[in-house]
Amino acid sequence: MQLYNNLSAKERAELIEKAGKERLTISFYKYAKIGNTEIFRNHLFIAWDQQEVLGRIYVANEGINAQLSVPAENFEDFKSHLDTIYFLENVRLNIAIEHDNFAFLKLKVKVRNKIVADGLNDDTFDVTNKGVHVNAQKFNELIEDSNTVLVDMRNHYESEIGHFKNAITPDVDTFRESLDLIEEDLKEHKEDKKLVMYCTGGIRCEKASAYYKHKGFKNVFQLEGGIINYVRQIEAEGLENKFVGKNFVFDERRSERISDDVIANCHQCGEPADLHTNCANEACHLLFIQCEACKEKMENCCSTNCQDIIKLPYEEQKALRKGQGNSNDIFKKGRADHLPYKKDLRNIFETLKM
């Protein structure tokens with residue numbers, strides 16, 4: 001019985017192109033108690049492999065977090081299968097604004113300790129005591145309230161290319177870093193301010209809202225379904241869009257354009273740009289923002305050193321990578337010192353008017 005991929009990304013891409021089928025890019029999550037995660041993981045893989053589902057899915061004792069794509073013609077079968085799983089029946093599916101048939105090229109269902117790396121001890125607080133979920137209309141009203149503090153729960157490289165107007169965008173590399181930072185800087189306003197949070201699809205806010213209520217914040221709100229669901233609602237209901245720029249997504253598309261505003265800059269030349277790319281040197285693989293001119297000049301590399309390396313024979317490149325591993329030191333996100341126009345490290349709270 002096949003429980004793992006047997007095709008390379010290249011082979012899968014060729015099959016997708018040959019099939020010519022429209023694929024839908026979907027994300028969803030659900031916190032629920034899962035007993036035997038390995039059995040559940042295998043069940044999902046077998047069912048979804050037959051439906052030609054591709055993507056990255058994390059399963060843990062606390063629930064499931066999924067980003068995937070499925071042939072449009074198989075969507076109803078996929079949804080029907082979800083409905084047979086008691087805690088996923090009628091689960092909200094965030095369907096992407098922009099689809100790309102090559103957003104995912106493998107089906108990866110992995111068992112993890114947590115579905116989001118939050119670094120929290122869930123036994124120390126009530127994770128079910130969450131903040132108030134609000135729709136797009138209520139969210140727009142809240143963020144215009146002078147008594148509201150709007151916080152982006154995503155990482156710096158996500159908010160750099162797009163965020164809601166007047167949002168606090170913590171300059172952090174991980175979700176866990178932002179939790180303590182936000183609590184410390186807003187500790188004097190736990191009772192007199194409305195804490196309103198948002199993220200890509202809502203999953204980070206689920207845990208964060210419960211955490212902040214545990215920490216004493218009295219008025220906690222979160223955007224239902226995150227940015228993805230917000231955009232669908234404002235389009236369907238004709239509401240004002242208060243998001244500027246692009247929404248970062250964790251697949252091959254890397255982002256979805258929400259407004260025409262380009263609020264970021266090329267990390268190499270400083271010109272307006274908001275397209276993330278990974279350095280072509282596999283031993284570097286740095287995620288950074290690069291404009292088209294620099295992409296051509298630098299051959300999709302973040303430095304001249306990496307540019308020299310990609311011109312070496314493959315075996316020499318492979319030898320240079322030996323022993324480095326896929327650590328966070330290698331797979332960084334826009335923090336390299338040699339990028340002259342990378343996002344400045346600063347205290348984003350210093351301009352907050354309380």
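This is a predicted model: local features need pLDDT of at least 70, side-chain atom pairs count only at pLDDT 80 or more; totals for chains, interfaces and linings use all residues.
**View 1. An open sheet is formed by four strands.** The strand order is β6-β10-β9-β7, and the pairing is parallel. Strand β6 (132-134) and strand β7 each have a single partner strand, so both stand at the edges and one side of each is left without a neighbour in the sheet. On average, neighbouring strands of this sheet are turned by 30 degrees against each other, direction ignored.

**View 2. Strand β7 pairs with strand β9.** The two strands, residues 148-152 in β7 and residues 194-198 in β9, are joined in the parallel sense over five bridges. Within this pair, D152 stands opposite Y198 of β9.

**View 3. Strand β7 is mostly covered.** How many of its five residues are buried? Five of the five are. Side chains are shown for both faces of the strand: T148, L150 and D152 point one way from β7, whereas V149 and V151 point the other way. Residues of both groups are buried.

Key
Residues are numbered from 1 along each chain as its sequence is written. Side-chain values use heavy atoms; hydrogens and water are left out. Buried means under 20% relative accessible area, exposed over 50%, partly exposed in between (1.4 Å probe, protein chains only). Two strands pair if DSSP finds at least two bridges between them. Axes are lines fitted to C-alpha atoms, for helices over the stretch in contact, and angles run from 0 to 180 degrees between N-to-C directions.
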